[in-house]
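Here is a colleague's note for a first look at this structure. Please keep the sequence and the 3D view open while reading the numbered points.

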Amino acid sequence: MTARSSNAAGWLYLINTVLLTVHEIDAAYWHEWELLRLPGGLEAFLVLHIPLLGVVLYGFWRVALWTRSARAFSYGLAFVGIGAVVLHSVLLAAGTSQFRHPLSLLVLAGVLVASGIQIAVVRRFPADLGGT
């Protein structure tokens with residue numbers, strides 16, 4: 001793998017992380033825990049995001065160094081992004097009023113595009129990558 005390829009993977013991971021983080025800020029605005037009927041309200045929603053954000057940031061570190069786990073973290077983040085878009089597409093099709101703001105929709109579209117490109121780029125990398 002070239003340095004250019006790993007650099008592209010790092011940028012795609014970062015872009016997708018930023019878009020997903022903005023989506024989660026938007027999710028707090030729309031009270032997503034109520035929409036999904038998650039127990040614990042805002043407090044549980046915020047506490048849940050502490051380990052989630054930790055894993056995402058740890059993944060960025062692994063991708064930046066392009067270690068053996070970089071591919072798994074890249075695919076993981078991309079599939080989380082696609083899952084978020086699918087979930088919200090289903091909710092929108094069901095007629096929910098949340099996440100209909102143009103910027104909310106634009107962020108979700110950005111997540112879908114970034115996730116798709118991320119998968120395509122990482123898929124081309126050789127399997128035997130980096131160190132630990």
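**Notes on the model**

1. Start with Arg 37. This residue is exposed, because its relative accessible area is 74%, and the cut-off for exposed is over 50%. Arg 37 sits in the loop between α2 and α3. Its phi is near 55°, a positive value in a residue other than glycine. Most residues other than glycine have a negative phi. Please bear in mind that the model is predicted.

2. His 31 lies in the loop between α1 and α2, and α2 covers 32-35. The phi of His 31 is also positive, near 55°. His 31 counts as partly exposed, because its relative accessibility is 34%.

3. Now the overall layout. The protein chain has 5 helices and 0 strands. Read from the N terminus, the order is α-α-α-α-α. The C-alpha trace spans about 45 × 25 × 20 Å along its principal axes. The chain has 132 residues, and 36% of them count as buried.

4. Helix α3 deserves a careful look. Its 25 residues should span 36 Å at 1.5 Å a residue, and the end C-alpha atoms are 37 Å apart, so the two values agree. Where does α3 bend? The bend is at Ile 50, by about 25°. A proline, Pro 51, follows within four residues.

5. Burial along α3 comes next. Gly 41, Phe 45, His 49, Gly 59, Arg 62 and Val 63 are buried in this helix. An α-helix has 3.6 residues a turn, so residues three or four places apart point the same way. Leu 42 is also found in α3. Leu 42 is partly exposed, because its relative accessible area is 37%. After α3 comes Trp 66, with a positive phi near 45°.

6. Helix α4 can be checked in the same manner. Its 24 residues should span 34 Å at 1.5 Å a residue, and the end C-alpha atoms are 35 Å apart, so this helix agrees too. Its buried residues include Arg 71, Ser 74 and His 88. Ala 70, Leu 77, Ala 78, Leu 91 and Leu 92 are also among them. Gly 95 follows α4 and has a positive phi, near 95°.

7. Is Ala 94 buried or exposed? Ala 94 counts as exposed, because its relative accessibility is 64%. Its place is in the loop between α4 and α5. Ala 94 and Gly 83 are 11 residues apart in sequence, and their C-alpha atoms are 17 Å apart in space.

8. Helix α5 holds Leu 105. Leu 105 counts as partly exposed, because its relative accessibility is 37%. The C-alpha atoms of Leu 105 and Arg 68 are separated by 34 Å, and these residues are 37 apart along the chain.

9. Next, the nonpolar cores. The largest has 14 residues. Which of them touch the most other members? They are Ala 9, Val 63, Trp 66, Val 122 and Phe 125. Two or more residues of this core come from each of α1 (3-29), α4 (70-93) and α5 (102-123). A second, separate core has 6 residues, including Ala 27, Trp 33, Phe 45 and Leu 91. In soluble globular proteins, nonpolar side chains tend to be buried together.

10. Last, the largest pocket. It holds about 700 Å³ of space. Its lining has 28 residues, and those closest to the centre are Glu 24, His 49, Leu 52, Val 56 and Val 80. The elements giving two or more residues to the lining are α1, α3 (41-65) and α4. Which element gives the most? That is α3, with 9 residues. By class, the lining has 20 nonpolar, 6 polar and 2 charged residues.

How values were computed: Residues are numbered from 1 along each chain as its sequence is written. This is a predicted model: local features need pLDDT of at least 70, side-chain atom pairs count only at pLDDT 80 or more; totals for chains, interfaces and linings use all residues. Side-chain values use heavy atoms; hydrogens and water are left out. A nonpolar core is a set of buried Ala, Val, Leu, Ile, Met, Phe, Trp, Tyr and Cys residues joined through side-chain atoms within 4.5 Å. Buried means under 20% relative accessible area, exposed over 50%, partly exposed in between (1.4 Å probe, protein chains only). On a 1 Å grid over the protein atoms alone, a cavity is a set of points where a 1.4 Å probe fits but cannot get out, and a pocket is an open set with protein on both sides within 12 Å along at least five of seven lines; lining residues have an atom within 4 Å of a point. Grid points are joined across faces, edges and corners, and a volume is the space filled by probe spheres set on the points. Ala, Val, Leu, Ile, Met, Phe, Trp, Tyr, Cys and Pro count as nonpolar, Asp, Glu, Lys and Arg as charged, and the others, Gly among them, as polar. The expected span of a helix is 1.5 Å times one less than its number of residues. The bend at a residue is the angle between axes fitted to the seven residues ending there and the seven starting there.
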